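Here's a quick look through a predicted model. Have the structure open while you read.

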Amino acid sequence: MLIGVIRSTETRDVTLVGDDLDALRAELEAQATGDWVVTASSVEMARRSTELTLIGRLANWVTREIEADDREALHAKVPDGFKLISMRRV
């Protein structure tokens, strides 16, 4: 028997605009609730302006376990939108 741990591959991009970088980063972090985590961010500054644009990527890192008798069956049980991140024999 094999037990595999699968993780969601769902992501979403967030664009925030403002003048205060710390406030923008705090707002991005506030959107990472539950199983969502910030995986990347970048900042752009508009020409001849103090306006900043923060572009962030959030990923849903919810995990769960699946079971199967062999490796092929385990891979076949991975649903769309998930990836197998580990497996162990029991």
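## The Arg88 pair

Arg88 and Glu65 make a salt bridge, with their closest N and O atoms 3.4 Å apart. This pair connects distant parts of the chain, since Arg88 sits in strand β6 (residues 82-89) and Glu65 in strand β5 (residues 63-68), 23 residues apart. As for solvent, Arg88 is partly exposed, at a relative accessible area of 39%.

## The Arg57 pair

How many salt bridges does a search of the whole structure find? It turns up 2. One joins the side chains of Asp13 and Arg57, at 2.7 Å from N to O. Asp13 belongs to strand β2 and Arg57 to strand β4, so this pair ties together parts that are 44 residues apart in sequence. Arg57 is partly exposed too, with a relative accessible area of 36%. Across from Arg57 in β4 stands Ala40.

## The sheet around it

Now for the sheet: 3 strands form an open, antiparallel arrangement in the order β2-β4-β3. β2 (11-18) and β3 (36-45) are the edge strands with a single partner each, so one side of each has no neighbour in the sheet. From one strand to the next, the twist averages 20°.

β3 and β4 (residues 52-60) run antiparallel and are joined by 9 bridges. Val37, for instance, has Ala59 in β4 as its bridge partner. Helix α1 (residues 21-30) packs on the sheet and touches β2, β3 and β4, its direction making about 20° with that of β4.

The hairpin of β3 and β4 has 6 residues between the strands, and Arg48 there takes a positive phi near 55°.

Notes: Residues numbered from 1 in each chain as written. Predicted model: local features only at pLDDT ≥ 70, side-chain atom pairs only at ≥ 80, totals over all residues. Heavy atoms only, no water. Pairing = 2+ DSSP bridges. Helix = DSSP H or I, 4+ residues; strand = E, 2+ residues; numbered from the N terminus. Axes fitted to C-alpha atoms, helices over the stretch in contact; angles between N-to-C directions. Contact = heavy atoms within 4.5 Å. Salt bridge = Lys/Arg side-chain N within 4 Å of Asp/Glu carboxyl O. Buried < 20%, exposed > 50% of the residue type's maximum accessible area, 1.4 Å probe, protein only.
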